[in-house]
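Hi there,

Here is the structure I promised to send over. Have a look first, and then read on for what turned up in it.

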Amino acid sequence: MTFRDLNIIDPILKSIAIAGYKEPTPIQVEAIPVLLSKKDILGSAQTGTGKTAAFAIPILQNLFLEQKETLRRTTKALILTPTRELASQIYENFTLYAKFVNQRSAVIYGGVSQKKQEEALAKGVDVLIATPGRLLDLMYQGIIKLNEVSYLVLDEADRMLDMGFIKDVNKIIEFIPTQRQTMLFSATMPKEIEMLSKTILKDPIRVSIVPVNQTIDVIEQSIYHVNKTKKTQLLLDLISEYKMKSVLVFMRTKHTANRLVTELTKANVSAEPIHGNKSQSARERALLNFKKGRTTVLVATDIAARGIDIEALSFVVNYDLPETGETYIHRMGRTGRAGLDGKAISLCDPKERSLLNDIEKHIKMEIPVVAHPYAIVLDNTPKSESTKKSSKPQTSNKQFNSLKPDYSIKPRKTPSTKKPYINEDKTEKNEMNSLKNLAPKSKFAPAKAVAAYKSAQQPKRNQNNKNRRAVK
Ligand code: AMP
C-alpha cells in the first residue's frame with residue numbers, strides 16, 4: 001500500500017516524500033479513505049501511530065480541492081488538543097504537509113503572550129490548532145471566529161477530559177456550524193468520551209489501531225522493586241549500564257522532578273525538567289535540547305509529557321509509578337515508535353505496590369521483575385496487608401554506596417499467605433535465593449550489576465561461615 005493508492009494528490013505526495021514516509025501506517029490506511037469521503041470518525045489510536053498525518057493529510061487535501069478564489073483566508077479547520085507541546089507538533093506537521101497546497105496554519109496556546117498569536121491570526125489562516133483555554137479567550141475577545149469551520153478534530157480527547165477541558169471544548173463546539181466533518185481521537189474511551197462522541201459525531205466510522213487498554217507489543221517492560229531512597233542511585237546505574245543516550249523519566253510532581261534534575265546534574269548526567277511550572281520557552285528549550293541529544297535525561301510530569309513526539313527514544317523510566325494503568329500505557333507510548341525497540345522501566349517502592357497491581361490488572365499481564373543490587377525481596381504476604389503494616393521507613397538514612405545492597409532493613413514479622421509479595425525482612429540466604437529466582441525471568445537484568453552484587457556478598461558470607469566454624 002502506498003500513499004498514492006490512498007488517492008493522495010501530487011502536491012501532498014511531494015510533502016510526504018520530503019517527510020521521508022515510505023508507506024502509510026495502519027491508522028493512515030484505515031482513516032484516510034474515510035476522511036477523504038467526508039465521514040465522521042471515532043479513532044482509538046495512540047500517539048506514535050502516525051495519527052496526526054492520518055487526519056492532517058485528508059483535511060489539507062479536501063481544503064485544497066475546495067479552495068475558492070477569495071480575498072481573505074478564513075478558519076475552515078480547527079484542531080483542539082490538550083497541551084502546548086502537542087499543539088506545536090501538530091502545527092509543525094500541518095506546515096510540512098501543506099507546503100505545496102497553499103493552506104496556512106496557525107497555533108495558539110496559553111502560557112505565552114497572545115500578541116504574536118494575534119499577529120499570525122491577523123494574516124488569515126485556514127487551519128487553526130489550539131488548546132481550549134486560549135482559544136476561548138481569543139474567541140471572547142472577538143479575535144477568532146469559528147463560523148466557517150467545516151472540519152473539527154478533537155485530538156487526545158481523553159486527556160482533555162483528564163485536564164478538565166471538556167466544558168471548554170463543549171462551549172467551543174457551540175460556536176461551530178453543525179454542518180461539518182468531525183474527527184475524535186482518543187487513546188482510551190472512558191464513559192465521558194463515549195458520551196461526547198455520541199453528541200458531536202454523526203454516524204462515525206470507528207477506527208481502532210492499537211486496541212484500547214492494551215500495551216504496545218514492541219516495548220520491553222520491566223519492574224525494579226526498590227526503596228524510594230534508592231531510586232536515584234538505581235537510575236544512575238541503569239543509565240550507565242544501558243549506556244542510555246536519551247531517556248524520558250516520569251515523576252509524579254513538579255517539585256520532585258526539579259529535585260531529580262539537581263541530583264542527576266550533580267552526578268554529571270545532563271538533565272532538564274519539563275513540567276507545568278516552567279515557562280513555555282523553557283519547556284520548548286528543554287524539549288529541543290533533548291531531541292537534539294544535548295541532554296541525556298528529560299524529567300517530565302505526565303501532563304507536560306503528553307504527546308511529546310521524540311523519534312528514536314529507546315528508554316522510558318517510571319521513577320514514580322503512574323496512578324492509572326491508562327497513564328502507564330501513555331507513558332510507554334513515548335518509546336518503541338516507528339518500529340524501533342523500546343524499554344519501559346518502572347521503579348516500584350513498597351508503597352507503590354497497589355499501583356503496580358492495578359497497572360498489571362489493566363494491561364492484563366505481569367511485568368517481568370529484574371534482579372538488581374538494591375532489590376527488595378519477594379515474599380508471600382498480601383500487598384494490602386503489608387502496606388498497611390509498614391508504617392516505619394524500611395531503610396536507613398545511610399548514603400548510597402553504588403552496587404552495594406542495603407542490609408540495614410529491620411526485620412518485620414508479617415504472616416505468610418497466598419499472593420506473591422515483596423518483603424524486606426528476609427535473611428541474607430533467602431535474599432540470595434530470591435535473586436536467583438528472579439534473575440532468569442528477565443533478560444533486562446544488568447548482568448554486571450548482579451555480578452557485582454554477588455561479589456559484594458562474598459566477604460560477608462565467608463565471614464558468616466568463619467563465625468559458624470568458630471561456634472562449632
Ligand atoms: P503521531 O502518531 O502523529 O504522533 O506520529 C508519530 C511519528 O510518526 C511522527 O514523528 C510522524 O512524523 C511519523 N510518521 C507519521 N506517518 C508516518 C509514516 N507514514 N511513515 C513514517 N513515519 C510517519
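This is a predicted model: local features need pLDDT of at least 70, side-chain atom pairs count only at pLDDT 80 or more; totals for chains, interfaces and linings use all residues.

Before we start on contacts: two residues count as touching if their C-beta atoms, placed from the backbone, lie within 7 Å.

As background, nonpolar side chains tend to be buried together in soluble globular proteins.

Now the chain as a whole. There are 18 helices and 15 strands, and buried residues make up 45% of the 472 residues. Of the contacts between residues at least 6 apart in sequence, 78% join residues at least 24 apart.

Back to helix α3, residues 51–66. Its 16 residues should span 22 Å at 1.5 Å a residue, and the end C-alpha atoms are 23 Å apart, which agrees. The run of buried residues in α3 includes Lys51, Thr52, Phe55, Pro58 and Gln61.

Next, strand β3. Both of its faces are covered: Ser105 and Val107 are buried on one side, Ala106 and Ile108 on the other. β3 runs parallel to β4, and four bridges join them. Alanine 106 has leucine 128 of β4 as its bridge partner. With helix α5 (residues 115–122), the two strands make a right-handed β-α-β unit.

Helix α6 (132–140) has Pro132, Arg134, Leu135 and Leu136 buried. The buried residues of α6 pack against β2 (77–80), β3, β4, α7 (157–162) and α8 (166–174). After α6 comes glycine 142, with a positive phi near 75°. Further on, in the loop between α6 and β5 (151–154), sits asparagine 147. Is asparagine 147 buried or exposed? It counts as exposed, because it has 9 C-beta neighbours inside 10 Å, and the cut-off for exposed is 12 or fewer. The C-alpha atom of asparagine 147 is separated by 5.6 Å from that of isoleucine 176, 29 residues apart along the chain.

There is also an open sheet of six strands, in the order β8-β13-β12-β9-β11-β10, with parallel pairing. β8 (219–225) and β10 (271–274) stand at its edges; each has a single partner strand, so one side of each is left without a neighbour in the sheet. On average, neighbouring strands are turned by 20° against each other, direction ignored. Within the sheet, β9 (residues 247–250) pairs with β11 (residues 297–300) over four bridges in the parallel sense, and valine 249 stands opposite valine 299 in β11.

Two helices lie across strands of this sheet. Helix α12 (residues 280–291) lies across β10 and β11, at about 135° to β10. Helix α14 (residues 325–332) lies across β8, β9, β12 (315–318) and β13 (342–348), at about 150° to β12.

Enjoy exploring it!

Best wishes

Technical notes. Residues are numbered from 1 along each chain as its sequence is written. The expected span of a helix is 1.5 Å times one less than its number of residues. A residue is buried if 20 or more other C-beta atoms lie within 10 Å of its own, exposed if 12 or fewer, and partly exposed in between; C-beta atoms are placed from the backbone. Two strands pair if DSSP finds at least two bridges between them. Axes are lines fitted to C-alpha atoms, for helices over the stretch in contact, and angles run from 0 to 180 degrees between N-to-C directions. A crossover is right-handed if, with the strands pointing away from the viewer, the path from the first strand over the helix to the second runs clockwise.
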